[in-house]
Amino acid sequence: MSETLAISNWALAGFYLLFLIPLGLFQRWEFGLSKTLISAVLRMTLQLSIVGIYLQTLFAFQNPWLNTLWLSVMVIVAGFSICRRAGVPPKSVLPAVLSGHVVALLVVLPLLLAGVIQAEPWWQAQYLIPVAGMLLGNCLAANVLALERWYSSLKDKQDEYQFYLALGAPKPEQPFIRTAVKAALAPQLASMTTLGIVSLPGMMTGQILGGTEPLLAVKYQLVIMVAIFISATLSVTTTLTVASRTAFDCYGQLRY
């Protein structure tokens, strides 16, 4: 296989001109999305450029403490983002979300990097940061779904919850946690069942474009899909378990 083909800055800038097509359509049909699109494109370009420069620096240092520091920043930012998107108070729920992320990363990352990929050393930034980013991104989406579903179910079905509580059920919130976990993992289960037929995952496609043998790219994709599902399951179940311990008062009533 050949090496990765370089993309010149001029070619990339020229390709951006294709955005004129959706902008023209938005203007023609008065969708009111032009400013949102321009803002999104500018933010995407700026953020990815900064991350690219930062990661190149990080890869050059190869310092485990620096890698851990950056990983901690990623976990904390993901935690706040989950609380904001799920509409829950960070002061109460953030510790649960962070616990979920830490458990997922501590279980999956060393096994994946040291045991399967066999990166040497396993905390090498080139492998640690991108893989952790993929896991956290998927944990973020799953946690938002889980927390939204859990709190909305508890509020919308107060009668059902009060019924379990009146019966003296040891864990009246358990049926709602079960529903929330199913809702959080459903998109990933659906994605796994159609992968390769309906869609080709971005990581595998990127590796093939970068010159990797297709079968090796498939192996990497399979490993990543397993890691994503396991980490999302661990993260969501840990988050809901920890959150359920602080979400109710001594009378079993929802605090927020």
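First, the ground rules. Residues are counted from 1 along each chain as its sequence is written, and side-chain values rest on heavy atoms, with hydrogens and water left out. As the model is predicted, local features need pLDDT of at least 70 and side-chain atom pairs count only at pLDDT 80 or more, while totals for chains, interfaces and linings use all residues.

**The second largest pocket**

Rolling a probe the size of a water molecule over the atoms shows where empty space is left. Here a pocket is an open set of points on a 1 Å grid over the protein atoms alone, with protein on both sides within 12 Å along at least five of seven lines; a 1.4 Å probe is used, and lining residues have an atom within 4 Å of a point. Volume is the space filled by probe spheres set on the points, which are joined across faces, edges and corners.

The second largest pocket holds about 650 Å³ of space. Its lining runs to 17 residues, and Gln47, Val51, Trp70, Met74 and Val77 sit nearest the centre. Helices α3 (34–61), α4 (64–86) and α6 (125–156) each put in at least two lining residues, with α4 giving the most, at seven. Helices here are DSSP runs (H or I, at least four residues), numbered from the N terminus. By type, the lining splits into twelve nonpolar residues, four polar and one charged; Gly goes with the polar ones, and Asp, Glu, Lys and Arg are the charged set.

Buried means under 20% relative accessible area, with a 1.4 Å probe and protein chains only.

| Residue | Relative accessible area |
|---|---|
| His101 | 0% |
| Cys83 | 1% |
| Cys139 | 2% |

His101 belongs to helix α5 (residues 90–116).

**Val116**

Val116 is also found in helix α5. Leaving aside neighbours within four places, Val116 is in contact with Leu111 and Val223. Leu185 lies 69 residues from Val116 in sequence and 24 Å away in space, C-alpha to C-alpha.

Definitions and conventions: Buried means under 20% relative accessible area, exposed over 50%, partly exposed in between (1.4 Å probe, protein chains only). Contact means heavy atoms within 4.5 Å.
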